[in-house]
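The exercises that follow are meant to be worked with the sequence and the coordinates side by side. Each one sets a task and then gives a solution in steps.

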Amino acid sequence: MKAILCTKYGSPDVLQLVDVEKPVPTEGRVLVQVLASSTNAADYHGIHGGVSRLFTGVLRPKDPRMGTDLAGRVEAVGPGVTRFQVGDEVFGAAPGAYAEYASAREDHLALKPANVSFEQAGAVGIAATTALQGLRDKGHLRSGQKVLVNGASGGVGTFAVQVAKAYGAEVTAVCSARNLDQARSLGADHVLDYTKEDFTRTGQRYDLIYDIVGNHSTAAYKRAMNPGGVCLLVGFGFPRLSWSTLLGHLLLDPIRSRLSDKKVRFMGIAKFNAEDLGTLADLMGSGKVVPVIERRYPLDQTAEAMRYFGEGHARAKVVIVVGH
């Protein structure tokens, strides 16, 4: 089978399309014929190395397989698998998803809704799970709350706006001028152009700030929160965030939060599980969440897809189309 491998760190040019053995599903795993995947910050940083080397290998990647999100058809099931059978259309996550086949844990998959295309389902994995778990679990989102999404375009941002609306929030989306109409189309009640307005200085207050950009100080976030409010900083790879600011949030925010009823918290990597993927399937099936795709690339142009993603201007998900 064809697969994308990364055997050394560098630019996306180090990615190789090679022939490898098709995986064999072991206990509790499902072999999926991959039809679509997508780009994520975790995949991008896995190519460049940087701090991620502490987890992926200091000198070179310990696991050269690339890609996480996937959507496709079940090709085979391993011993002990009970939730899926051959031919099922599924989506979720698996290591090495930039390939024609990938072996996924049974609890890292869900049935794809019939009204969702494989390309749309392939865009869900990391981004949508991060939005759901961040808003619902870390941010304790409740119906009727005022929620601001800073970075409302891009993969996680487009899902965050829709998930917040699905849970009954009044949503303010912060993005660039070219993405304001898109944010409105996703259900945002209010939109702000960050080049013209600083949401921490408008005088508006929010119960939950879901921040994918991380470009404000703790004091600024608290100024924009209602009493008892929560600000959730999402991700470890803010492209414009200095290390000093990042470390300040990681080390000092827990201490500062103890001294105030306004909390600033940090969310790392989403954790896949069958229940949350099922929730996302229900939200998509009902039409409350619709994955937004900006660009599509075939598997042999994965390097170009990652290069575009790394420029930081993607308006929504960048999808890798693996099969027909």
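**Exercise 1: Helix H4 and the residue after it**

Helix H4 is mostly covered, since 11 of its 14 residues are buried. The model is a predicted one, and the task here is to name the buried residues of H4, to check the span of the helix and to describe histidine 140.

*Solution.* Begin with burial: the buried residues of H4 are Gly125, Ile126, Ala127, Ala128, Thr129, Thr130, Ala131, Leu132, Gln133, Gly134 and Leu135.

Next, take the span: H4 covers residues 125-138, and at 1.5 Å a residue its 14 residues should span 20 Å, while the C-alpha atoms at its ends lie 18 Å apart, which agrees with that expectation.

Then move past the helix, to histidine 140, which follows H4 and lies in the loop between H4 and strand S8 (146-150). The phi of histidine 140 is positive, near 55°, in a residue other than glycine.

**Exercise 2: The open sheet and its edges**

Determine the strand order of the open sheet of 6 strands, and state which strands form its edges.

*Solution.* The order is S10-S9-S8-S11-S12-S13, and the pairing is parallel. The edge strands are S10 (190-193) and S13 (263-267), each of which pairs on one side only. Neighbouring strands of this sheet are turned against each other by 15° on average, with direction ignored.

**Exercise 3: Serine 176**

Is serine 176 buried or exposed, and which residues does serine 176 contact once its neighbours within four places in sequence are left aside?

*Solution.* First locate the residue: serine 176 is in the loop between strand S9 (170-175) and helix H6 (180-185). Its relative accessible area is 17%, so serine 176 is buried, the cut-off for that class being under 20%. With the neighbours within four places in sequence set aside, serine 176 is in contact with Asp193 and Tyr194.

**Exercise 4: Strand S15 and its partners**

Explain why strand S15 (residues 317-321) is described as largely enclosed, and identify how S15 pairs with S3 and with S14.

*Solution.* Of the 5 residues of S15, 4 are buried, so the strand is largely enclosed by the rest of the structure. Strand S3 (residues 29-38) pairs with S15 in the antiparallel sense over 3 bridges, and the bridge partner of serine 38 in S15 is valine 319. Strand S14 (residues 293-298), by contrast, pairs with S15 in the parallel sense over 5 bridges, with lysine 317 of S15 as the bridge partner of isoleucine 293.

**Exercise 5: Rings, charges and totals**

Find what lies over the face of tyrosine 101 and of tyrosine 308, and then summarise the whole protein.

*Solution.* Lysine 22 lies over the face of tyrosine 101, at 4.2 Å from the ring centre, and arginine 295 lies over the face of tyrosine 308, at 3.7 Å from the ring centre. A search of the whole structure for aromatic pairs finds 1.

For the totals, the protein has 10 helices and 15 strands, and buried residues make up 52% of its 324 residues. Among contacts with a separation of 6 or more, 68% join residues 24 or more positions apart.

Key:
Residues are numbered from 1 along each chain as its sequence is written. This is a predicted model: local features need pLDDT of at least 70, side-chain atom pairs count only at pLDDT 80 or more; totals for chains, interfaces and linings use all residues. Side-chain values use heavy atoms; hydrogens and water are left out. Helices (H or I, at least four residues) and strands (E, at least two) are DSSP runs, numbered from the N terminus. The expected span of a helix is 1.5 Å times one less than its number of residues. Buried means under 20% relative accessible area, exposed over 50%, partly exposed in between (1.4 Å probe, protein chains only). Contact means heavy atoms within 4.5 Å. Two strands pair if DSSP finds at least two bridges between them. Axes are lines fitted to C-alpha atoms, for helices over the stretch in contact, and angles run from 0 to 180 degrees between N-to-C directions. Rings of Phe, Tyr and Trp (its six-membered ring) pair if their centres lie within 6.5 Å; planes under 30 degrees apart count as stacked, over 60 as edge-to-face and the rest as tilted. A charge sits over a ring if NZ of Lys or CZ of Arg is within 6 Å of the ring centre and within 35 degrees of the ring normal.
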